[in-house]
There are 2 protein chains.
Amino acid sequence: MNRAPIGIFDSGLGGLTVARAIYQALPNDSTVYFGDTARVPYGPKSPATVRRYSLEITDWLVRQGVKAIVVACNTSTAHALEALQDATIVPVIGVIEPGARAAVRANSSGRPIGVIGTAGTIQSRAYDRAIDAVAPGTEVVSAACPLFVPLVEEGWFEHEATRVVAAEYLAPLLQRGIGTLVLGCTHYPLLKPLLARVAGPGVALIDSAEETGLELKRLLAERDLLAPGDADRRVFHRFAVSDDPERFRTVGSRFLGERLAAAEVVALGGH
Amino acid sequence: MNRAPIGIFDSGLGGLTVARAIYQALPNDSTVYFGDTARVPYGPKSPATVRRYSLEITDWLVRQGVKAIVVACNTSTAHALEALQDATIVPVIGVIEPGARAAVRANSSGRPIGVIGTAGTIQSRAYDRAIDAVAPGTEVVSAACPLFVPLVEEGWFEHEATRVVAAEYLAPLLQRGIGTLVLGCTHYPLLKPLLARVAGPGVALIDSAEETGLELKRLLAERDLLAPGDADRRVFHRFAVSDDPERFRTVGSRFLGERLAAAEVVALGGH
């Protein structure tokens, strides 16, 4: 048993879908969420830069006394997970392995698995490797979808423009006959109903956020780090950002609803 | 006469439309362009952060020996121009005043002037103030268009999705009967043909990039800082970025064509 909070971080807002999944999987646990809003997006940045930023954030989270860290950002998981695990004293998990495992489980048909994400995540081929590690030889087809993040942040979850963009991005994957589609970016779960319609009923959608929440629960249970479920527990959810807490609150409430009350500002990187 | 280069900077790629306009207006002048690709976009960042980043870049440009600086970024002009002018020994001009003056000149009809830009530029109301300074009492209606930058960077200048997005963003301005539309973001000139069709023939489009090139030419002529037009001139265009020069080159060639050969990487901010 351990009452220390869980650290969660993302380049910005997207990781809030992972935070939400963690609240559901671990209702007795507190969390500290860091959104690197001053340096968002990580998607188009170089691997070395993403690693440097991610290390700065995990250092900060460890100083807040977290008992585990969830990298709630696919780009950061792709480029930095191993470096973070090497550099950090608490367990660190990412979003890619849980998503890859769930995709293989869902893909009983033997059809190719589709993966969509930011340019950085797709170029890294991290999902290809993770899927191959679980089920060697599985065919993976992937596509970078750089417009989905701004469409989600605009709140256009059901907009005609989003449908046109999704049809264009998914067309090559659907032509290849994918049976499963991994939403390889933490913003994408908010597009799930629209993507399900564009992909059609024959394609199973995998939400890495949910899978990561369940994975974290298993990990904490294994190490006896779950928070106790006693009555006097004081669960808190703390939010910190590197810039513009007002926009984080406004757009973030699209992800989390009323739970996102306020965010403090923390300067990182040479300050 | 002065052969020192002109400094140009932007949060990323968009300022290349301004660079192109400067090459046209000042064919004998060399330039040093800085794109802050590690920290792009500035649009959603707080004014204080944008000011800090802009000061770091102008310091670097001054150390490269530039004779003048063009802030080729609307957000940075809106939040930082005065601070840069106070802190810098060479003349500094932005993109907003030239655009505002051209809009007033074009707007002989007395109808409202429309302004589109990033969230940061629109919230700053910098165009409203600049237009009011030239033609007090002019009605200005504005709209933030956060999806246009990613659509341009995707190269979707004529895509159906871009048309749907543009129709949605421009609808409230067109309903108000604007006679002139200021493209208040340096990415937007690449959408000019599509925006002209969506806005219709009754609306004059103002490209701040062109106006800024002409303004710079006037300023340098006034101070006798133009480069000589002699035969042995060696005009160069140098490019520096804070991250990922490969993506800058690939996407930037959509803005500049073959002139964008290579970019060096320069670390700023606590390095």
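I begin with a cluster: F148(A), Y169(A), Y188(A) and W156(B) together make up one aromatic cluster. Please bear in mind that this is a predicted model.

Over all chains, the number of aromatic pairs is 16. Let me take one of them, formed by Y33(A) and F239(A). How are the two rings arranged, and what is the angle between their planes? The ring centres are 6.1 Å apart and the planes stand at 50 degrees, so this pair is classed as tilted; an edge-to-face pair would need an angle over 60 degrees. Where do the two residues lie in the chain? Y33(A) belongs to strand β2 of chain A, residues 31-35, and F239(A) to strand β9 of chain A, residues 237-241; the pair therefore ties together parts that are 206 residues apart in sequence. Are these two residues buried or exposed? Y33(A) and F239(A) are both buried.

F148(A) and Y188(A) form an edge-to-face pair, with 5.2 Å from centre to centre and 90 degrees between the planes. F148(A) is in helix α7 of chain A, residues 148-153, while Y188(A) is in the loop between β7 and α9 of chain A. The pair thus links distant parts of the chain, 40 residues apart. Both F148(A) and Y188(A) are buried.

Finally, I turn to charges over rings. In chain A, the charged end of R39(A) sits over the ring of Y53(A), 3.8 Å from the ring centre. In chain B, R39(B) has its charged end over the ring of Y53(B), at 3.8 Å from that centre.

Technical notes:
Residues are numbered from 1 along each chain as its sequence is written. Chains are lettered from A and ligands numbered from 1 in the order in which they are written. This is a predicted model: local features need pLDDT of at least 70, side-chain atom pairs count only at pLDDT 80 or more; totals for chains, interfaces and linings use all residues. Side-chain values use heavy atoms; hydrogens and water are left out. Rings of Phe, Tyr and Trp (its six-membered ring) pair if their centres lie within 6.5 Å; planes under 30 degrees apart count as stacked, over 60 as edge-to-face and the rest as tilted. Helices (H or I, at least four residues) and strands (E, at least two) are DSSP runs, numbered from the N terminus. Buried means under 20% relative accessible area, exposed over 50%, partly exposed in between (1.4 Å probe, protein chains only). A charge sits over a ring if NZ of Lys or CZ of Arg is within 6 Å of the ring centre and within 35 degrees of the ring normal.
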